[in-house]
Amino acid sequence: MKMDVRQNPAVGEIYKYCRKYGMNPNELSLFMKVNSIRVYEILKGKRKVTPDTDIRLAKVFGLENGHFVNLQIKWELENKAMELESVVDKLKFAGDIK
């Protein structure tokens, strides 16, 4: 069953900080010293935030490294848990097997 998946919160955070500093995606890519396609693909959900991108974003916005990647990983785990819920519910805890 395909579930409705909410938007990657890292994308919302990027938009939030762009608005805070009055930047558009092109300007952000210039600050990050990356191709604007990378930024646009992330913002459209066609590309994940990599550690490289996270470090650049963190520097530009004055945040700690890992801020955007951690949001993305948490989001991915929550979505995968929902997807696997019926399978995982049938698994047994190793401590109960004897």
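## A buried arginine

At 17% relative accessibility, R38 counts as buried (buried is under 20% relative accessible area, exposed over 50%, partly exposed in between, with a 1.4 Å probe and protein chains only). This is a predicted model, in which local features need pLDDT of at least 70 and side-chain atom pairs count only at pLDDT 80 or more, while totals for chains, interfaces and linings use all residues. Residues are numbered from 1 along each chain as its sequence is written, and side-chain values use heavy atoms, with hydrogens and water left out.

## R38 and its partners

R38 forms a salt bridge with D52. The closest N and O atoms are 2.7 Å apart. A salt bridge here is a side-chain nitrogen of Lys or Arg within 4 Å of a carboxyl oxygen of Asp or Glu. The pair links distant parts of the chain: R38 sits in helix α3 (residues 36-43) and D52 in helix α4 (residues 51-61), 14 residues apart. Helices are DSSP runs of H or I with at least four residues, and strands are runs of E with at least two, numbered from the N terminus.

D52 is partly exposed, at 36% relative accessible area. R56 joins in too: R38, D52 and R56 are linked in a network of salt bridges.

How many salt bridges does the structure hold? It holds six. One of them joins E76 and K48, at 3.4 Å from N to O. E76 lies in helix α5 and K48 in the loop between α3 and α4, so this pair ties together parts that are 28 residues apart in sequence. E76 is partly exposed, with a relative accessible area of 27%. K48 is exposed, at 52%.

E13 and K16 form another salt bridge, with the closest N and O atoms 3.2 Å apart. These two residues are three apart in helix α1, so about one helical turn separates them. E13 is buried, at 15% relative accessible area, whereas K16 is partly exposed, at 39%.

## Where α1 meets α5

Helix α1 (residues 9-20) packs with helix α5 (residues 67-88) at an angle of about 145°. Their axes are 8 Å apart. Axes are lines fitted to C-alpha atoms, for helices over the stretch in contact, and angles run from 0 to 180 degrees between N-to-C directions.

Which residues of α1 and α5 make the contact? From α1 come P9, A10, E13, I14 and Y17. From α5 come H67, F68, L71, Q72 and W75. Contact means heavy atoms within 4.5 Å.
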